[in-house]
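I opened the notebook today to look up how this protein is put together.

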Amino acid sequence: MNGNGHIPVLLEEVLEYLDIKREGIYIDCTIGLGGHAYEIVKRNPKASLIGFDLDEKSLLRAKEKLQPFADRVELYHSDFRYLPDIEIDFSKIKGVLLDLGMSSFQLDSPERGFSYSREGPLDMRMDLRNKITAHKIINKYSEHRLSQIFHEYGELRQARRLAREIVSRRKVKKFETTTQLRQTVEEICRWRPQKGKIHPAAKVFQAIRIEVNQELESLSGFLERMAHAIPKKAHITAISFHSLEDRIIKHTFARLAIPEDSHPFLKILTKKPVVPSKEEVEANSRARSAKLRAAEKI
Ligand SMILES: C[S@@+](CC[C@H](N)C(=O)[O-])C[C@H]1O[C@@H](n2cnc3c(N)ncnc32)[C@H](O)[C@@H]1O
């Protein structure tokens, strides 16, 4: 546990793969509550840190936590995809961390609408400046597009049936709450709790969240731009929580590790993804689906 009840996932593994002992700049693309970031600046007095988050509330919490190291920390309320456009001395970068998805802080705030098991509005925006909400998607998107989202981003078997039913029900009564949506999903997917089975609402909520926050948009392009921008020996470490993201990271690293004009860009440091130990999952069930991949610029 690391201050404010938040447990950073795969903490020691992240610090090892980032190789945080070196003097220079470390970038935390998804600072959240500052769990990983705090350990980087605490353990290495010669590290400075640049952090990004779409979520202003999380960023304020991270700022508070990192206050003792404020002279070495710079935070941006921004999508990390704008990082390559910011004026930074890229030659000093030693490590880049992405810890993707949402934080426990977001999931545990019912008013944000991320959790299917808590009553809240259909929102799911990480950045409250974003115009697209879950409410808009569920009440306005076409049946075809809804079905595509449930299928592609949620890998839901009943994607078409659910989309059809949502469009039919919303003509009578708009969808307003997470509970209303969860109940419809449970009915259409004929949900019966079974050990080891994922709740279909988890898949549907994941799909909508990905669409609201455009989570897969240009992730591959970003990794590629960063791989070009960082200096030799800098490390990129990425944690994902679902197979769609993991696939993008794996394939992008693999592509950049293949000789390009007889010279590869990256060396892959994790032949297989690193996953949390049994003890970590027992202590923090949210770590259960985490996969870490790391690469070094060569
Ligand atoms: C899993 S949490 C990170 C937790 C963090 N490593 C810690 O230990 O506190 C992911 C965070 O990334 C943010 N996020 C997701 N996509 C983002 C993006 N494209 N740009 C910036 N922040 C993003 C979310 O708002 C969330 O706060």
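With which residue does Arg 182 form a salt bridge, and how far apart are the closest N and O atoms? I found that Arg 182 pairs with Glu 186, the closest N and O atoms being 3.4 Å apart; I count a salt bridge when a side-chain nitrogen of Lys or Arg is within 4 Å of a carboxyl oxygen of Asp or Glu. I note that this is a predicted model, in which local features need pLDDT of at least 70 and side-chain atom pairs count only at pLDDT 80 or more, while totals for chains, interfaces and linings use all residues. Residues are numbered from 1 along each chain as its sequence is written, and side-chain values use heavy atoms, with hydrogens and water left out.

**Entry: salt bridges**

Arg 182 and Glu 186 both lie in helix H8, four residues apart, which is about one turn of the helix; I take helices (H or I, at least four residues) and strands (E, at least two) as DSSP runs numbered from the N terminus. Glu 186 is partly exposed, at a relative accessible area of 23%, where buried means under 20%, exposed over 50% and partly exposed in between (1.4 Å probe, protein chains only).

By this rule I get 20 salt bridges. Another of them joins Glu 39 to Lys 42, with 3.9 Å between the closest N and O atoms, and these two residues are about one helical turn apart because they sit three residues apart in helix H2 (residues 35–43). Glu 39 is buried at 8% relative accessible area, whereas Lys 42 is partly exposed at 44%. I also noted that Glu 12, Glu 39, Lys 42 and Arg 43 are linked in a network of salt bridges.

I then looked up Asp 85 and Arg 225, whose side chains meet in a salt bridge of 3.0 Å, N to O. This pair links distant parts of the chain, 140 residues apart, with Asp 85 in the loop between strand E3 (73–77) and strand E4 (93–99) and Arg 225 in helix H10 (residues 219–229).

**Entry: two domains**

The protein is divided into domain 1 (11–101 + 216–297) and domain 2 (110–213), with bounds that come from an automatic or database domain assignment. Their centres, taken over C-alpha atoms, are separated by 29 Å. I find 11 residues of domain 1 in contact with 11 residues of domain 2, contact meaning heavy atoms within 4.5 Å.

The two domains bury about 980 Å² between them, 50% of it on carbon and sulfur atoms; this is the accessible area (1.4 Å probe) that two parts lose on being put together, summed over both. In domain 1, Leu 54, His 242 and Leu 244 lose the most area to domain 2, together 42% of what that side buries. I count two salt bridges between the domains.

**Entry: nonpolar cores**

The largest nonpolar core has 34 residues, and Ile 138, Phe 150 and Ile 166 are among those with the most contacts inside it; such a core is a set of buried Ala, Val, Leu, Ile, Met, Phe, Trp, Tyr and Cys residues joined through side-chain atoms within 4.5 Å. H9 gives the most to this core, with seven residues. Leaving aside neighbours within four places in sequence, Ile 166 is in contact with Ile 138, Leu 146, Phe 150, Phe 175 and Leu 181. I also list a second, separate core of 29 residues, which includes Phe 52, Ile 230, Phe 265 and Ala 295.
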